[in-house]
Amino acid sequence: MIGIGQNYGVQLESHFLEFMLKALGDYTMGQIEAAALQIVRTRKYTTMPTIADFVEAIEGKVEDKASVQALLVWGAIRRVGSYSHPVFEDSITGQIVCEMGWKSICVTPENQQVWFLRNFAAAYKACRRCDEVRAISGPASVGGLIQGMVKSLGINHHPLTQG
């Protein structure tokens, strides 16, 4: 991180370094280093990369990942068929396949491939966004606390209190 800061002419404070590493805590140091090298080689801007830039360098764009996962599911139809149930590494993909039903997915006609890929990718992005919101909002008890605070302030409708 210090090296990437120097590359962009920024002196990183220790508290900011701690914050960045905490925010990137789900990734290995090797992934973070690889992302830093990729960013330094490809970034055209002269400003210090954000945490989101690191996440995108590690995970790729959500749109790309959604499309790749849709293609993996479509490929599994051919490879596995309806006689078995494939296991997908990506938990969101597994969740969508479970909700749609593997046998239902397998009967999708070949001429509906474009439709399937587009809709699966859209479902993937929506589920991923829901997971992010759930992670940010925390446990249900926090929602109850927020709801109580909102009521005490006299606010009738607030997005955080919607179930």
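Author: Start with a cut-off: a residue is called buried when its relative accessible area is under 20%. The model here is a predicted one. F116 has a relative accessibility of 2%, which is under 20%, so F116 counts as buried.

Reader: What makes F120 buried or exposed?

Author: The relative accessibility of F120 is 1%, again under 20%, so F120 counts as buried.

Reader: Why are F116 and F120 called an aromatic pair, and why is the pair called tilted?

Author: Ring centres must lie within 6.5 Å, and those of F116 and F120 are 5.7 Å apart, so the two rings pair. The structure has three aromatic pairs.

Reader: How do you know that R128 and E59 form a salt bridge?

Author: The closest N and O atoms of R128 and E59 are 2.4 Å apart, and the limit is 4 Å, so the contact is a salt bridge. R128 is in helix α8 and E59 in helix α4, so the bridge ties together parts 69 residues apart in sequence.

Reader: Why is the contact between E110 and R78 called a salt bridge?

Author: The closest N and O atoms of E110 and R78 are 2.5 Å apart, which is within 4 Å, so the name applies. E110 lies in the loop between α7 and α8, and R78 in helix α5, so this pair ties together parts 32 residues apart in sequence. With a relative accessible area of 55%, over the 50% cut-off, R78 is exposed.

Reader: What makes R43 a partner of both D53 and Y8?

Author: With D53, R43 forms a salt bridge, because the closest N and O atoms are 2.8 Å apart and the limit is 4 Å. As for Y8, the charged end of R43 sits over its ring, 5.9 Å from the centre. In total, the structure holds four salt bridges.

Terms used
Residues are numbered from 1 along each chain as its sequence is written. This is a predicted model: local features need pLDDT of at least 70, side-chain atom pairs count only at pLDDT 80 or more; totals for chains, interfaces and linings use all residues. Side-chain values use heavy atoms; hydrogens and water are left out. A salt bridge is a side-chain nitrogen of Lys or Arg within 4 Å of a carboxyl oxygen of Asp or Glu. Helices (H or I, at least four residues) and strands (E, at least two) are DSSP runs, numbered from the N terminus. Buried means under 20% relative accessible area, exposed over 50%, partly exposed in between (1.4 Å probe, protein chains only). Rings of Phe, Tyr and Trp (its six-membered ring) pair if their centres lie within 6.5 Å; planes under 30 degrees apart count as stacked, over 60 as edge-to-face and the rest as tilted. A charge sits over a ring if NZ of Lys or CZ of Arg is within 6 Å of the ring centre and within 35 degrees of the ring normal.
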